[in-house]
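Morning. Please have the sequence and the model open.

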Amino acid sequence: MARNVATTMSDFTTGREGGDLTFRKIHDRLRKLWRLADEADPEIGIIRGKLRTLPKATLNTIETRAERLWPIIFSEPAPIVSRPGWLCDAPKEKLAEIVRRSIAGGGVVIPGRRRGPYKRSQPRYEPLIFGVARGARVPSEATPIEGARVVKPDVIANGRPRDDEAIVLIMWLAVNWLEAMEQTPAPGRSDKTPFGELVHQVFSWLKLPDSTGALRRYWDEYKSGQRGS
């Protein structure tokens, strides 16, 4: 987690993620990449190209998971990682599988939309990416069907994107926490919770003001997303 948090801080400081690259946009890009890798005859060249265009922190997270999963999936040692971006050059016969498994931690079935009082469209499968499934209005509507961990999926609602830079920073710290601890951080705006202490410390290192207020806004938006639009 320390390495991922350091990368998050570096990307925040240098602006490498881009000013408008919100969690929702990154989630969309990973979801599209997952769908490419899940095709019956995946386009390996396109997958390599899309991997190379991912933000540094995002690719680092995917590669960390790929390095851990490689021996489990292929029953062989993971490639010797000598540089960032190594996943882009993975063997073509293994690339789609490792990318698909590294992006999503399982999946959920999302009920179809209502088409009148007695009709629904067909349910669909959605990958769990960073613990989030696209399309569920409330977590109880999404049923986990795959993966070793039981994950209560969060929701990406259709409301205002999280465009405040402090909120986006906390979001990435939450992703770092999820990757390391395999569970979402506990809500709380003070430094009395483990995740709250991490956020307050990072804000102190980066000389950012009002970590308590930023945490409050982050959790307000998180709860709003869980309720759906």
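I start with Tyr125, which is partly exposed, at 26% relative accessibility. Keep in mind that this is a predicted model.

Tyr125 has a partner. Trp34 and Tyr125 form a stacked aromatic pair, with 5.8 Å centre to centre and 25 degrees between the planes. The cut-off for calling a pair stacked is under 30 degrees between the planes. Where do the two residues sit? Trp34 is in helix H2, residues 23-37, and Tyr125 is in strand E2, residues 124-129, so the pair ties together parts that are 91 residues apart in sequence. Trp34 itself is buried, with a relative accessible area of 4%.

Across the whole structure, the search finds 6 aromatic pairs. Elsewhere, Trp177, Phe195, Tyr218 and Trp219 are linked into a cluster by ring pairs.

Now helix H4. As for accessibility, H4 is mostly covered, with 14 of its 19 residues buried.

Two details remain. The charged end of Lys94 sits over the ring of Phe74, 5.3 Å from the ring centre. Just after H4, Ser75 takes a positive phi, about 55 degrees.

That is what I have for today.

Conventions:
Residues are numbered from 1 along each chain as its sequence is written. This is a predicted model: local features need pLDDT of at least 70, side-chain atom pairs count only at pLDDT 80 or more; totals for chains, interfaces and linings use all residues. Side-chain values use heavy atoms; hydrogens and water are left out. Buried means under 20% relative accessible area, exposed over 50%, partly exposed in between (1.4 Å probe, protein chains only). Helices (H or I, at least four residues) and strands (E, at least two) are DSSP runs, numbered from the N terminus. Rings of Phe, Tyr and Trp (its six-membered ring) pair if their centres lie within 6.5 Å; planes under 30 degrees apart count as stacked, over 60 as edge-to-face and the rest as tilted. A charge sits over a ring if NZ of Lys or CZ of Arg is within 6 Å of the ring centre and within 35 degrees of the ring normal.
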